[in-house]
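This briefing concerns the packing of one predicted model. It covers a residue's contacts, a helix pair, the nonpolar core and backbone geometry.

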Amino acid sequence: MTATVAATASATPAGAVGAGPGVDTTPPAMQLAKLSQQAADAGSLGVIVRVDGGRGPAVEIARQAAWTKADHILKANDQFRMASNTKTLTATLILQLVAERKVGLADPVENWLPGVVPGGEAITIKMLLNHTSGLNDFLLHPDFLPSLLGLDRRRWTPEQLLALTTAQNPPGEQWSYSNANYQALGLVLEKATGQRLADLIEQRITRPLGMTHTYLATDAGWRAGHDHATGYEPDAEHLAPILPPGTPEGIGFAGPERNDHVNTTDMDVSSWTGAAGGMVSTAQDWDRFLTALMSGRLLPPAQMKQMRTTVAQDPADPKGDRYGLGLMEVRTPCGTVWGHTGGLPGYSSEIYTDGTGRRSVTVLNSTNFGVQLPAAATANKALVNAAACTMLGKPVPTTTTTTTTPTR
C-alpha cells in the first residue's frame with residue numbers, strides 16, 4: 001500500500017543563525033514535540049520520535065491522544081512491532097551468508113526451495129531481496145484478508161503463504177513490493193544454516209549488538225519485563241474508506257472497541273510475518289542495529305555495496321525513492337536517508353540513517369491503517385520530514401511538497 005500526501009513541515013537545527021523567511025526558528029526538540037502531538041491528535045494516536053544527530057544525547061519524544069492514556073502511558077523506549085523494518089535485518093543475514101559463500105545472489109530460488117516458490121527456476125535470491133521477483137503479495141489475496149484483520153486465527157506456514165502467491169510480472173523486469181519474497185528468504189536462511197530464524201537473529205545480530213529488548217515474535221504475547229505500546233486501528237465504519245475496492249461491506253478488525261477504534265495490541269501476527277515483518281524492538285535498539293549496519297559493522301564492503309545498489313520503485317519517477325537489498329533509499333526535503341518503513345495492525349514506522357550510519361531518526365505511530373487517513377497522513381509526513389531534517393542538521397523550508405511513502 002502507498003499513501004500520497006501533501007506535507008508542510010518546518011524545523012531549525014539548534015544554534016542556526018540567519019534563518020530567513022519560510023524557516024521556523026523554534027528549537028528542534030520543541031518543534032518535534034509540537035509536531036508529534038499534532039500527529040497524535042490528527043490520528044496517529046501514539047507517537048514516538050527518536051533523533052540522534054551524532055553529537056550529544058538523542059532527542060526522545062513520546063506523545064499520545066488524550067483518550068489513549070487510560071490504556072497505557074506511552075514512553076519513548078516502549079517495545080513496538082517493527083513490521084517490515086524486519087526486511088533489512090533479514091537481508092543482512094542473507095548477505096552475511098553471501099560473504100561466507102554459503103549463498104549466492106545469482107542462485108535460483110528453486111535450488112534452495114524446490115517446488116515452493118512459483119516460477120522459482122527464473123527467480124534469483126537477489127530478485128527476492130530487491131522485490132524484482134515478479135511475485136504478487138499474499139497480503140492482497142482475498143483468502144488472507146480475514147487473517148490480516150484478526151478474524152481468522154489460523155497459524156500460517158511460509159509454505160502456505162507462498163502457495164497463495166502468484167506471478168504478477170516476469171522475473172527481473174519491474175520492482176513490485178511483496179512480502180512473499182521475504183517469506184521465501186526466511187526459508188532459505190534456515191535451510192542454508194540448519195538453524196531456526198529466531199536463533200540466527202539472536203546469534204548474529206541482537207546479542208552481539210546488545211539489543212536486549214529485541215526479538216522475533218513467535219506468538220501473540222509480548223515478553224515480560226518491558227512495557228509495550230498499545231496499537232489501534234479505526235473501527236469498521238472509519239476503516240472502510242481505506243480498504244481496497246471490493247472489500248466486503250462492514251468488515252473491520254477484531255478486538256476491543258473504544259472511541260471509534262479497535263485495540264489490536266494482542267492480535268497474533270507472528271505466523272504470517274516472520275522474516276518479512278516479525279521483529280519486536282524499541283526505537284533505541286533498532287537505531288543501534290541500523291547504525292551498526294550502515295556504518296559497516298555487520299557486512300563487508302562488497303556486501304554493503306550490493307545492499308545499497310538500488311532500483312527505482314517507480315520507473316516514471318527516476319528521482320523518487322529507490323530500493324536496494326532490503327534497504328530503502330528515501331528522498332527527504334533535506335537530503336537522502338537510508339532505512340525502511342513498516343506497518344502492521346496497530347503499528348507503523350519509518351526508521352532511517354544518514355549515508356554514514358552516524359546519525360539516525362525513528363518515527364513510530366501506534367496505528368497503521370489509521371495513519372493513512374488524510375489528516376493523519378499529512379501530519380505524520382510533516383513530522384517525519386522535520387525529524388529527518390533535524391537529524392541531518394538542516395532546516396525544513398515551509399513549502400508544500402508531495403511525497404509518496406510506502407506503508408508496509
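Leaving aside residues up to four places away in sequence, Phe289 touches Thr88, Leu89, Thr92, Ile205, Leu209, Met211 and Leu298, contact meaning heavy atoms within 4.5 Å. The model is predicted: local features need pLDDT of at least 70 and side-chain atom pairs pLDDT 80 or more, while totals for chains, interfaces and linings use all residues. Residues are numbered from 1 along each chain as its sequence is written, and side-chain values use heavy atoms, without hydrogens and water.

**Helix pair**
- Helix 2 (residues 86-99) and helix 11 (residues 283-294) pack at about 40 degrees, with axes 11 Å apart; helices are DSSP runs of H or I of at least four residues, strands runs of E of at least two, numbered from the N terminus.
- Thr86, Thr88, Leu89 and Thr92 of helix 2 meet Trp286, Phe289, Leu290 and Leu293 of helix 11.
- These contact residues comprise five nonpolar, three polar and no charged.

**Nonpolar core**
- The largest nonpolar core has 111 residues, of which Ile125, Leu129, Trp272, Phe289 and Leu293 touch the most other members; such a core joins buried Ala, Val, Leu, Ile, Met, Phe, Trp, Tyr and Cys residues through side-chain atoms within 4.5 Å.
- Helix 13 (residues 374-392) gives the most to this core, with eight residues.

**Backbone geometry**
- Leu45, though not a glycine, has a positive phi of about 70 degrees, and Leu45 is found in the loop between helix 1 (28-44) and strand 2 (46-52).
- Leu45 counts as buried because its relative accessibility is 3%, buried meaning under 20% relative accessible area (1.4 Å probe, protein chains only).
- Ala83, also not a glycine, has a positive phi of about 50 degrees.

Terms used. Buried < 20%, exposed > 50% of the residue type's maximum accessible area, 1.4 Å probe, protein only. Axes fitted to C-alpha atoms, helices over the stretch in contact; angles between N-to-C directions. Nonpolar A, V, L, I, M, F, W, Y, C, P; charged D, E, K, R; others polar.
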